[in-house]
Amino acid sequence: MSLLPRMSSKVILCLVLLTAACAPPQDTALYSIDPSAPDVQAMQREVARTLPRFLDEAIAGDPVRYANPAVKVALPTASDTIEVIWIQPVRRATANRYVGALANTPVDLGLLQYGDEVSFGANQIADWSFFRNGQLYGNFQDRTAMQGLPADVRAELSALLSPDPIPPEWR
């Protein structure tokens, strides 16, 4: 099952652009986040606070309550930068290591392609998401970055996203 079930091709393209690389080879960022911005710092704190529960419940949990769990992972690139890319499906390999398939087409990850399996540590996870009742939870980075999208695309994405990125029972 796809991470993006019932979205128009226009919205899928915009979400793929949002979730692509932070620093492509030519330094022409498709999407960048200012780590010093207060909203970005608050987002990063929420991701860090909720990540252990997501990993415990969503990755190994009930596929109905946590449909299509995915993580956004910071991977080193061929040009010594970082590419942040969605990984799905995800499974725990060891206590602190995970394995999953690239869910986007990489920009600067060498020979890696969409669908290739990668291994990563919990410390490389920058975001998480899952679907429940047709709404997408998590997706903190995309929520922060989508203000720059055209109004119609932002409206369609907003309809897909849960009102709060954190499930009510986690509060």
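User: If a salt bridge is a side-chain nitrogen of Lys or Arg within 4 Å of a carboxyl oxygen of Asp or Glu, which residue does Arg53 form one with?

Analyst: Arg53 forms a salt bridge with Glu57, and the closest N and O atoms are 2.6 Å apart. This is a predicted model, in which local features need pLDDT of at least 70 and side-chain atom pairs count only at pLDDT 80 or more, while totals for chains, interfaces and linings use all residues. Residues are numbered from 1 along each chain as its sequence is written, and side-chain values use heavy atoms, with hydrogens and water left out.

User: Where do Arg53 and Glu57 lie?

Analyst: Both are in helix H2, 4 residues apart, which is about one turn of the helix; helices (H or I, at least four residues) and strands (E, at least two) are DSSP runs numbered from the N terminus.

User: And how many salt bridges are there by that rule?

Analyst: The count comes to 8 salt bridges. One of them joins the side chains of Glu169 and Arg65 at 2.7 Å, N to O, and this pair links distant parts of the chain, with Glu169 in the segment after H4 and Arg65 in the loop between H2 and S1, 104 residues apart.

User: What else does Glu169 meet in a salt bridge?

Analyst: Glu169 also meets the side chain of Arg132, at 2.9 Å from N to O. Glu169 lies in the segment after H4 and Arg132 in strand S5, so this pair ties together parts that are 37 residues apart in sequence.

User: Is Arg132 buried or exposed?

Analyst: Arg132 counts as buried, at 12% relative accessibility, whereas Glu169 counts as partly exposed at 30%; buried means under 20% relative accessible area, exposed over 50% and partly exposed in between (1.4 Å probe, protein chains only).

User: Switching to aromatics, how many pairs are there?

Analyst: There are 10 aromatic pairs. The rings of Tyr66 and Trp170 have centres 6.4 Å apart and planes at 35 degrees, so that pair is tilted; rings of Phe, Tyr and Trp (its six-membered ring) pair if their centres lie within 6.5 Å, planes under 30 degrees apart being stacked, over 60 edge-to-face and the rest tilted.

User: Are Tyr66 and Trp170 buried or exposed?

Analyst: Both Tyr66 and Trp170 are buried. Trp128 and Phe140 form an edge-to-face pair, 5.4 Å centre to centre with 75 degrees between the planes, and both of these residues are buried as well.

User: Which residues form the aromatic cluster?

Analyst: Phe54, Tyr66, Trp128, Phe130, Tyr137, Phe140 and Trp170 form one cluster.
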